Amino acid sequence: MIVPGSFPTTRLRRNRRDDWNRRLVAESRLGPEDLILPVFVVEGENRREPVASMPGIDRLSCDLLVDAVGEALGLRIPAIAIFPEVDPALKTPDAAEAVNPENLVCRAIRAVKSGHPDMGIVCDAALDPFNSDGHDGIVRDGEILNDESVEVLCRQSVVQADAGCEVIAPSDMMDGRVGAIRKALDEAGHGGVRIMSYAAKYASAFYGPFRDAIGSKAALKGDKKTYQMDPANSDEAIREVALDLAEGADMVMVKPGLPYLDIVRRVKTEFGVPTFAYQVSGEYAMLKGAVRNGWLDNDKVVLESLMAFKRAGADGILTYLAVEAAKLLKSG
Ligand code: PBG
């Protein structure tokens, strides 16, 4: 970049002198419409269970979820992402509950849609909440099977779309799943259902609290390194995104968020497509842990961490901070 001007005629601090001036020259903006709220849903009625490793986050029964969605909608948050904590008795090696049209996710989708039809709904295509092995795909003899898993993911996507979910978010990292899910959705008459692909999803330790929240940690045997990406890789993320776009992804995602903003920037620059990032459970836990100890200023770090995503090029952010951030943005 050619920098016109030099000190002392040029003084960059001039544009930082006043609040109005800083606002005038701000390069990125953060608004509630940038945020997708992930929610945890649990069986029962009038149930609210705190997630110990995510202070401030609760698993909600469907009725309470509808109320929470009403609040988010009032704050102009455009979409939620639903994650179920499934009864361990329903978890099997074939993850059959994932394709049950009456499963917890499908009931949650229908409850939200009937209460708040204007709220967008995103649902994972992944088997981990339903799989007694805790993996995103079907496991046989210790191996996570690719093509067999994709078949189940297609059926899972269709039942979720049947229930009213508008965005399927394949988070399983099986090869070829985006194209297969696109075809399955189209054949089932869901040509308008969008795919937000977890295209560059890393095998990250930052997912720990999420696995507590949905109860998959106890079930998980081994790790996810044979399908999720190696944190050492960046070029590979570009190949993953390219393949998913070629297979029909409407939007792509990078996950985790803050530690992977270099990937967000590369993806946005290289492809110029709707690009999302997931500020994951461990990032939330880190931030809240420090806040609880009085080491960080909550409101300031909430907004700064989210602005960092926008600056990196993210069009939107999946974040557990969505509601509190939207309130802070509103109050000014
Ligand atoms: C499941 C899934 C995970 C997350 C979203 N979908 C966990 C994992 O892959 O183990 C993580 C979200 C978070 O940590 O907040 N495939």
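With a relative accessibility of 69%, R13 counts as exposed, a label given to residues over 50% relative accessible area, whereas buried means under 20% and partly exposed covers the range in between (1.4 Å probe, protein chains only). The model is a predicted one, in which local features need pLDDT of at least 70, side-chain atom pairs count only at pLDDT 80 or more, and totals for chains, interfaces and linings use all residues. Residues are numbered from 1 along each chain as its sequence is written, and side-chain values use heavy atoms, with hydrogens and water left out.

R13 is placed in the segment before α1 (19-24); helices (H or I, at least four residues) and strands (E, at least two) are DSSP runs, numbered from the N terminus. Together with R11, R14, R16 and R17, R13 forms a patch of positive charge on the surface. Patches consist of residues with over 30% relative accessible area and no salt bridge, where like charges are joined within 9 Å and nonpolar side chains (Val, Leu, Ile, Met, Phe, Trp, Tyr) within 5 Å. Accessible areas come from the Shrake-Rupley method with a 1.4 Å probe, and for residues only the protein chains shown count as cover. Lys and Arg count as positive and Asp and Glu as negative, while His and the chain ends are not counted. The place of a charge is taken as NZ of Lys, CZ of Arg, CG of Asp or CD of Glu.

A negative surface patch is made up of D141, E143, D147, E148, E151 and D175. Helix α4 (residues 146-163) supplies the largest share of this negative patch, three residues. D175 is located in the loop between β8 (167-170) and α5 (177-187), and counts as exposed because its relative accessibility is 56%. W20, L24 and V25 make a nonpolar surface patch of about 340 Å², with W20 placed in helix α1.

Side chains of opposite charge can pair when their charged atoms come close. In total, the structure holds 24 salt bridges, each defined by a side-chain nitrogen of Lys or Arg within 4 Å of a carboxyl oxygen of Asp or Glu. One of them joins D58 and R48, with an N to O distance of 3.0 Å. D58 belongs to strand β3 (residues 58-60) and R48 to strand β2, so the pair ties together parts that are ten residues apart in sequence. R48 is exposed at 52% relative accessibility, while D58 is partly exposed at 22%.

E102 and R110 also form a salt bridge, their closest N and O atoms being 3.2 Å apart. E102 is partly exposed at 46% relative accessibility, and R110 is partly exposed at 32%. In the salt bridge between D128 and K224, the closest N and O atoms are 3.8 Å apart. D128 lies in the loop between β5 (120-125) and β6 (139-140) and K224 in the loop between α6 (208-214) and α7 (235-246), so this pair ties together parts that are 96 residues apart in sequence. D128 is buried, at 7% relative accessibility, and K224 is buried, at 5%. A network of salt bridges links R47, E49, R59 and E85.

A pair of aromatic rings is described by the distance of the centres and the angle of the planes. Eight aromatic pairs are found in a search of the whole structure. The ring centres of Y284 and Y320 are 6.0 Å apart and the planes stand at 70°, so this pair is edge-to-face. Rings of Phe, Tyr and Trp (its six-membered ring) pair if their centres lie within 6.5 Å; planes under 30 degrees apart count as stacked, over 60 as edge-to-face and the rest as tilted. Y284 is buried at 3% relative accessibility, and Y320 is buried at 6%. One aromatic cluster is formed by F40, F83, Y198, F210, Y278, Y284 and Y320.

Most residues other than glycine have a negative phi, and most peptide bonds are trans. The peptide bond from F7 to P8 is cis, with omega near 15°, and P8 is found in the segment before α1. A cis peptide bond also joins K255 and P256, with omega about -5°; P256 lies in the loop between β10 (251-255) and α8 (261-271). N46, which is not a glycine, has a positive phi of about 50°. N46 lies in the loop between β1 (35-41) and β2 (48-50) and is exposed at 60% relative accessible area. M173 has a positive phi near 65°, and is buried at 4% relative accessibility.
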